[in-house]
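Please examine the sequence and the structure shown here before reading on.

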Amino acid sequence: MDHTEDAYHAPDKPLIHSDFLQQLVVCLPMGAMVVNTEARILFVNDSLVDILGYSSDELLNADIDMLLPISFRENHKNLMQQFFKNPRKRQMGVGQSLFARKKDGGHIPIEIGLNPIEQDGQTFVLATLIDLTTRQRASDMFQRSIQSAPHGVLVVSSEGTIRLTNEALCQCFGYQSEALIDQPLDMLLPERYRKHHDQLRDSFHQNPTPRMMGVGRDLTALHKDGREFPVEIGLSPFADEEGNEMVLVSLLDITLRKRMEQELRETNTNLEEFTYVASHDLRSPLRGIADLLDWVKEDLGPDALPDVSRNLDRIEVRIQRMEQLIDNLLTYARAGKIESNTQDININTLLDNVMELLAIPAGVTITRDIQLEQFTSVWTPLETVIRNLISNAIKHHDQETGNLFIRCVAENNMCHFSICDDGPGIPEAAFSRIFRLFQTVTSNERSGTGIGLSVSRRLVETHGGRISVESNQHQRGVTFHVWWPRFLRKDTHD
């Protein structure tokens, strides 16, 4: 149908003799209709038909009230009469939520523009209608996203007034939402920040780009109870539906993180102090005692009483054990430092290097199943962990013959190593204990220092992995599992 020649119009009613107007109504990109002073619809376009679900025949010559929600109809005629007394171009219902009633009875949010037209001594109105359903849906989604965000969110105007907030932010500051809406943002800032905040806000709006606020600074916010707490803040500028400049402020309370960082700094400081004491203040006097022991032996000579010689030998053994203990403590302390020298690691090459350093008994068979041959990581810590596990499996085996099965597979973002032996096994009650410092499984293993597994766990966890042990289901022994990151990460490889 050629709408420019056959525009929709109401039959048996005064026509607007303007081909141009008919073409304008039909070609408008939004819903449009022409209404007379009697509230009768004279023209409609396809867009309006599509929006409301009526056919053109159902709309033409119909009372416009049929398109209004029932609750709006009572006073609508009075409003129309007032408009025609002083007809002027304007938006209808500014500041109000307007709705149209579709044929199926459903209501849709709309925006209406009124344009008076004079023709042959008569006044008509060209009403344009925009369906705001999609916009409203997007707005609702925006609101829900803010409310469901796991961190604090604020929407702030360019003047620094809070327009929207969420529950997470209210919990951070101890306020109810009603106490924050339409209030100045400065109420959430410590007093010392407020003097310069207006200047900083104006500077941001001169070049509004998404960014983190106060990078490198110790930012704090002000709780309702007057206490300050550390925060991280992100700023994202946007324009609302009316084109006003707004800022989406994301705020994260990092009190717990700061507390953990402080505890970690204190722990590291204590460990560094301990390392210094162990390497200097303990080793030096111990070495002095060993020298005194040597002088005593020289003074006694070969004619020393047997009991005296035996006791002197026992003292020497204890000095050696003490020196070994100090070395183990230093090894454990150093294991907590992240190594950042990464390289391409071939698993088979790494295992070959481990085997060269170990004395493999003739009766021990080692089988490999390497399904992930190469990845990028740090070599020395990984090699140390694998060597400790293989060495333990061999050292604690209780038979002349044994089997060791080493497997390596890709598992999500991890490289999963499993080292399975058929030795005497470990009681399940000791699974967590064996990874602690200086812990051994049984009393007859006092020759071991109990340092290897604790160092292995410290190395694995320091570099972003984890380690565990489990009993074998269908044979003797246990299987140690090591999950080692197979992709470089900023938090462990910078």
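Does Arg 194 count as buried, partly exposed or exposed? At 26% relative accessibility, Arg 194 counts as partly exposed; buried means under 20% relative accessible area, exposed over 50%, and partly exposed in between, with a 1.4 Å probe and protein chains only.

## Basis of the model

The model is predicted, and local features need pLDDT of at least 70, side-chain atom pairs count only at pLDDT 80 or more, while totals for chains, interfaces and linings use all residues. Residues are numbered from 1 along each chain as its sequence is written, and side-chain values use heavy atoms, with hydrogens and water left out.

A salt bridge is defined here as a side-chain nitrogen of Lys or Arg within 4 Å of a carboxyl oxygen of Asp or Glu. By this rule the count is 16 salt bridges. One of them joins Glu 191 to Arg 194, with the closest N and O atoms 3.0 Å apart. The two residues are three apart in helix H8 (residues 191–206), and therefore separated by about one helical turn. Helices (H or I, at least four residues) and strands (E, at least two) are DSSP runs, numbered from the N terminus. Glu 191 is exposed, at 58% relative accessibility.

Arg 192 and Glu 228 also form a salt bridge, at 2.7 Å from N to O. Arg 192 lies in helix H8 and Glu 228 in strand E11 (residues 228–239), so the pair ties together parts that are 36 residues apart in sequence. Arg 192 is partly exposed at 48% relative accessibility, and Glu 228 is partly exposed at 37%.

## Further salt bridges

Arg 476 and Asp 398 meet in a salt bridge of 2.8 Å, N to O. This pair links distant parts of the chain, 78 residues apart: Arg 476 is in the loop between strand E18 (466–471) and strand E19 (478–485), and Asp 398 is in the loop between helix H12 (379–395) and strand E16 (402–411). Arg 476 has a relative accessible area of 34% and is partly exposed. Elsewhere, a network of salt bridges links Asp 63, Asp 65 and Lys 77.

## The five-stranded sheet

Five strands form an open sheet with mixed pairing, in the order E14-E16-E17-E19-E18; two strands pair if DSSP finds at least two bridges between them. Its edge strands, E14 (364–370) and E18, each pair on one side only.

Strand E17 (residues 414–421) pairs with E19 in the antiparallel sense over seven bridges. The bridge partner of Cys 415 in E19 is Trp 484.
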